[in-house]
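Good morning, and thank you for making the time.

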Number of protein chains: 4
Amino acid sequence: ADELFLISGPCVIEEESIMMKTAEKIKEVSEKLNIPTIYKSSFMKDNRSSVDYYMGPGIDEGLRILEKVKTEFGFPVLTDVHYPDQVEAAAEVCDVIQIPAYLVMQTTLAVASGKTGKAVNLKHAQFLAPENMSKPVAKIESTGNENILLTERGYAFGYNDLIVDPRSFYHMRETGYPVIFDVTHSIRKYGIPSADPNGGAKQYLKTLARAGVASGVDGLFVETHPCPSEALCDAASQLDMSELEEFLKPLIELHEVEVKWR
Amino acid sequence: ADELFLISGPCVIEEESIMMKTAEKIKEVSEKLNIPTIYKSSFMKDNRSSVDYYMGPGIDEGLRILEKVKTEFGFPVLTDVHYPDQVEAAAEVCDVIQIPAYLVMQTTLAVASGKTGKAVNLKHAQFLAPENMSKPVAKIESTGNENILLTERGYAFGYNDLIVDPRSFYHMRETGYPVIFDVTHSIRKYGIPSADPNGGAKQYLKTLARAGVASGVDGLFVETHPCPSEALCDAASQLDMSELEEFLKPLIELHEVEVKWR
Amino acid sequence: ADELFLISGPCVIEEESIMMKTAEKIKEVSEKLNIPTIYKSSFMKDNRSSVDYYMGPGIDEGLRILEKVKTEFGFPVLTDVHYPDQVEAAAEVCDVIQIPAYLVMQTTLAVASGKTGKAVNLKHAQFLAPENMSKPVAKIESTGNENILLTERGYAFGYNDLIVDPRSFYHMRETGYPVIFDVTHSIRKYGIPSADPNGGAKQYLKTLARAGVASGVDGLFVETHPCPSEALCDAASQLDMSELEEFLKPLIELHEVEVKWR
Amino acid sequence: ADELFLISGPCVIEEESIMMKTAEKIKEVSEKLNIPTIYKSSFMKDNRSSVDYYMGPGIDEGLRILEKVKTEFGFPVLTDVHYPDQVEAAAEVCDVIQIPAYLVMQTTLAVASGKTGKAVNLKHAQFLAPENMSKPVAKIESTGNENILLTERGYAFGYNDLIVDPRSFYHMRETGYPVIFDVTHSIRKYGIPSADPNGGAKQYLKTLARAGVASGVDGLFVETHPCPSEALCDAASQLDMSELEEFLKPLIELHEVEVKWR
């Protein structure tokens with residue numbers, strides 16, 4: 001479809017009330033802007049910098065909350081998986097299984113995810129040339145599953161910096177599958193905890209999002225939170241949910257022009 | 001102004017008939033699309049990979065031709081300078097003096113260019129963090145000249161590859177001066193002669209141009225030639241002038257949306 | 001200790017005769033050069049570019065062979081793990097548990113590995129600033145295990161290229177744990193299958209190894225094979241085992257000078 | 001020759017007494033360590049970040065001081081040139097004409113330098129793939145001059161950071177000309193004024209120098225000053241001349257091992 005779609009939600013699953021509050025706001029924006037939306041959150045963050053940081057509620061509690069969001073708001077839901085033994089349970093609740101960027105080359109995880117028959121969202125690894133995203137794509141296809149999404153989220157550029165290369169969208173589109181731009185993770189500054197406001201370069205959000213949309217994407221991935229500064233993960237990079245609507249408006253218009261000239 | 005403007009012309013000054021033919025076509029497109037245009041060409045290419053490659057006609061013959069284009073077609077004209085002793089002569093004919101990317105940190109050249117009082121176009125060096133473009137800007141300002149333009153053309157990304165970082169447009173806009181995107185140089189593949197079709201990655205032209213325009217620019221820089229494969233420099237990256245109009249159309253529309261939401 | 005040590009063996013566990021043949025040769029070199037040696041091979045390669053490529057014999061058969069090498073040749077043995085449920089079995093046989101570079105930020109895997117009490121070798125991820133290797137180090141330490149090794153293997157430099165930054169050795173040494181240089185993986189050219197000779201830049205092996213050793217390392221990691229061109233993984237980058245001795249000699253001498261001036 | 005040689009001196013020519021004091025110390029170290037030495041300093045720094053920073057004494061006064069150093073201490077002397085009209089005068093005094101890194105692709109400057117018949121030291125540009133240093137080399141050769149040196153000084157790695165790639169030494173050696181490692185410029189942090197101690201990462205000096213020497217070089221380039229913190233340029237990166245001797249000792253030993261196994 002030519003319509004821009006949205007993947008949004010808090011980075012990690014926090015307490016239920018926060019998750020429902022965010023879902024409610026996203027629902028409102030989604031209907032107001034008429035933008036199809038998938039609700040996203042992680043039951044586990046397995047690559048945090050410290051064992052002392054919040055890792056999420058775990059798979060059981062996490063999936064319970066995602067299911068509740070799905071039932072109450074009617075969103076399709078997305079979560080990421082880290083180990084093959086999590087895949088089946090995640091697929092019982094979720095409409096989209098996501099492979100985290102660092103794990104996108106892990107064959108066992110990809111194949112297990114593909115076999116669920118659910119849509120699989122492959123995050124573009126920070127270390128992988130964009131044209132090589134065809135490799136994990138083929139692993140999913142090998143399971144007979146062609147319900148695949150690809151998501152850009154920045155590439156390693158020197159140390160502790162990510163760069164968003166417009167050519168990456170070009171290459172991912174070449175696979176023929178929908179391409180998504182995860183703009184909030186693209187502004188993370190590694191080496192600075194995400195609880196520190198300097199851990200995210202929010203001043204770039206608008207510019208990056210516009211560049212990505214005009215490059216040619218089908219969907220946007222924007223982590224949102226009722227109060228980012230208190231978020232339990234990626235506090236520095238999530239968008240305040242109150243800004244979501246205004247953030248999306250110009251992007252929807254740019255997308256319309258881009259699609260017209262595709 | 002909110003209108004997108006264009007800098008266009010062949011990379012290097014070739015024989016007069018080719019220069020006039022290109023000017024005629026650019027004039028036609030410029031009027032058809034109602035896009036203000038500056039005619040660009042170099043009298044000297046001082047950084048070619050080999051002494052055996054064409055370096056241009058030299059300053060006297062080059063400026064003679066630029067003056068003729070200016071007179072016959074009414075374009076403002078732009079050329080680049082390489083050594084301080086070329087600046088005064090260039091400024092007698094040209095409306096814009098351009099400092100090449102590799103030379104943008106050369107103080108003497110910058111100051112001499114600023115002193116002409118003409119507009120100075122600073123190309124963003126492939127080795128300079130975009131926020132550091134404030135340094136050559138200040139050198140021009142030190143001469144009392146605030147007629148400054150900044151042009152992105154890709155940053156060193158590994159070896160023999162250039163990357164266009166949307167954040168670069170953000171930083172250059174912070175200077176307060178007009179920002180331009182030189183899209184045809186951004187697709188050059190160093191290490192491959194520009195006479196070899198593999199010396200330019202034309203497949204990226206559309207994607208990069210759209211990303212750049214949506215990032216927020218005021219002007220576009222597109223080298224064009226009547227027959228790029230026979231061009232005496234940058235054959236692999238120049239746009240065929242017959243494609244210029246179609247190339248610009250979506251960019252003008254994207255620019256309108258971007259300006260609306262600026 | 002001030003002595004340079006060696007980690008060596010074929011990339012992936014192939015048929016038993018090849019593994020024993022390689023062990024025999026490594027044993028010979030190790031004794032001749034008086035260089036303490038750990039035998040290395042993978043029972044599983046979980047990040048190959050295609051599901052059609054050889055992934056290894058699996059954990060049971062793989063560990064059986066490693067145990068045989070250990071018994072027959074008296075080497076300590078090392079293997080890598082990919083999922084937490086593999087860790088315990090690997091630790092029953094192996095002296096060193098290795099976390100692959102892409103997985104070095106996965107908390108669950110790191111903690112499970114640390115808990116075995118075995119030495120844990122952390123590969124430096126291609127996307128991680130070297131000073132951030134302190135993060136996975138702390139995860140291992142959180143289990144009470146301070147038997148940690150760190151291994152450099154190149155950082156993402158543009159697309160499909162790895163760069164070996166001498167500063168990486170500096171930062172990893174700052175952790176206080178032994179630092180190793182995996183030189184054969186540092187010459188891999190991603191995007192080219194390792195079965196293709198162009199998939200590895202062997203011309204750089206000597207230069208890189210010497211630079212790494214002089215930068216200050218405690219050990220070298222060199223994948224070797226009786227016939228690299230027929231190896232089932234990383235054919236393009238493994239060293240022919242017949243060249244191992246000559247390869248190591250200058251490195252041992254450079255190491256002696258480096259240690260003297262440490 | 002198999003002996004390591006040294007290029008050393010203050011970054012920019014300051015007042016005469018400082019230049020003589022540095023020369024005296026370098027002479028002492030050079031004789032003590034028996035290391036052939038070229039005295040280096042710049043009469044002009046044309047790429048400083050601000051017009052307000054010290055640019056040097058100019059060509060006449062600068063060359064007068066270099067000539068005095070040459071006469072009094074018997075050193076060959078080296079200076080860099082920025083514009084073709086400086087070359088002839090520089091060549092009258094200097095034994096080595098140096099092309100700055102940013103200017104290494106400027107044909108007119110290279111050809112003018114080659115034509116002097118003096119040795120020409122080509123700095124490896126921060127934006128040029130090392131194998132492409134063959135291009136400026138060929139420009140010098142085109143003048144009949146084969147007295148060429150190549151000097152590594154770090155490559156653009158993300159923004160405001162330089163990386164020293166051991167493979168660069170490999171490629172520059174392939175030209176057949178002597179290769180030098182400029183270690184003090186390799187630790188500059190662009191975007192931070194060199195008057196700020198954070199403008200140079202001195203903690204890396206030893207590691208980088210050792211890596212470079214073991215990679216295979218013929219000479220070292222080390223900027224020294226009697227009191228770096230008061231130096232008029234590159235205060236953050238120059239080595240205190242009192243540390244020069246100890247800095248060189250391990251490098252000479254590493255070089256001996258490297259040459260033995262070349």
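Predicted model: local features only at pLDDT ≥ 70, side-chain atom pairs only at ≥ 80, totals over all residues.

Which residues lie nearest the centre of the largest cavity? They are Asn47(B), Tyr102(B), Arg153(B), Arg188(B) and Tyr190(B), and the lining holds 41 residues.

Residues are numbered from 1 along each chain as its sequence is written, chains are lettered from A and ligands numbered from 1 in the order in which they are written, and side-chain values use heavy atoms, with hydrogens and water left out.

On a 1 Å grid over the protein atoms alone, a cavity is a set of points where a 1.4 Å probe fits but cannot get out, a pocket is an open set with protein on both sides within 12 Å along at least five of seven lines, and lining residues have an atom within 4 Å of a point. Grid points are joined across faces, edges and corners, and a volume is the space filled by probe spheres set on the points.

The structure contains eight cavities of 30 Å³ or more.

I turn to the open spaces. How many residues line the largest pocket? There are 36, and those nearest its centre are Tyr159(A), Asn160(A), Tyr159(D), Asn160(D) and Asp161(D). The volume of the largest pocket is about 840 Å³. Helix H6 (166-174) of chain B and helix H6 (166-174) of chain C each supply at least two residues of that lining; helices (H or I, at least four residues) and strands (E, at least two) are DSSP runs, numbered from the N terminus. The pocket lining divides into 13 nonpolar, 14 polar and nine charged residues.

Next, the aromatic rings. Rings of Phe, Tyr and Trp (its six-membered ring) pair if their centres lie within 6.5 Å; planes under 30 degrees apart count as stacked, over 60 as edge-to-face and the rest as tilted. By that rule there are 38 aromatic pairs over all chains. One of them, between Tyr204(C) and Tyr170(D), is edge-to-face, at 5.2 Å centre to centre and 80 degrees between the planes. Tyr204(C) lies in the loop between strand E9 (179-182) and helix H7 (205-216) of chain C, and Tyr170(D) in helix H6 (residues 166-174) of chain D, so the pair joins two chains. Both Tyr204(C) and Tyr170(D) are buried, where buried means under 20% relative accessible area, exposed over 50% and partly exposed in between (1.4 Å probe, protein chains only).

Ring pairs also link Tyr155(A), Phe157(A), Tyr155(B), Phe157(B), Tyr159(C) and Tyr159(D) into a cluster.

Two rings have a charge over them, a term that requires NZ of Lys or CZ of Arg within 6 Å of the ring centre and within 35 degrees of the ring normal. The charged end of Arg167(B) sits 5.5 Å from the centre of the ring of Tyr204(A), and that of Lys27(C) sits 5.2 Å from the centre of the ring of Phe75(C).

How are chains C and D related? Two copies of a chain are related by a rotation about an axis and a shift along it. A rotation of 180 degrees with 0.0 Å of shift along its axis superposes chain D on chain C, with an RMSD of 0.0 Å. That is the relation of a two-fold axis. Copies are superposed by least squares on the C-alpha atoms of residues with pLDDT of at least 70 in both. Within chain D, the residue closest to the rotation axis is Ala211(D), at 2.0 Å (C-alpha).

I close with the backbone. Most residues other than glycine have a negative phi. Asn34(A), however, has a positive phi, near 55 degrees. Asn34(A) lies in the loop between helix H1 (16-33) and strand E2 (37-40) of chain A, and is exposed at 57% relative accessibility. Asn160(B) also has a positive phi, near 60 degrees. Is Asn160(B) buried or exposed? Asn160(B) is buried, with a relative accessible area of 18%.

Technical notes:
Nonpolar A, V, L, I, M, F, W, Y, C, P; charged D, E, K, R; others polar.
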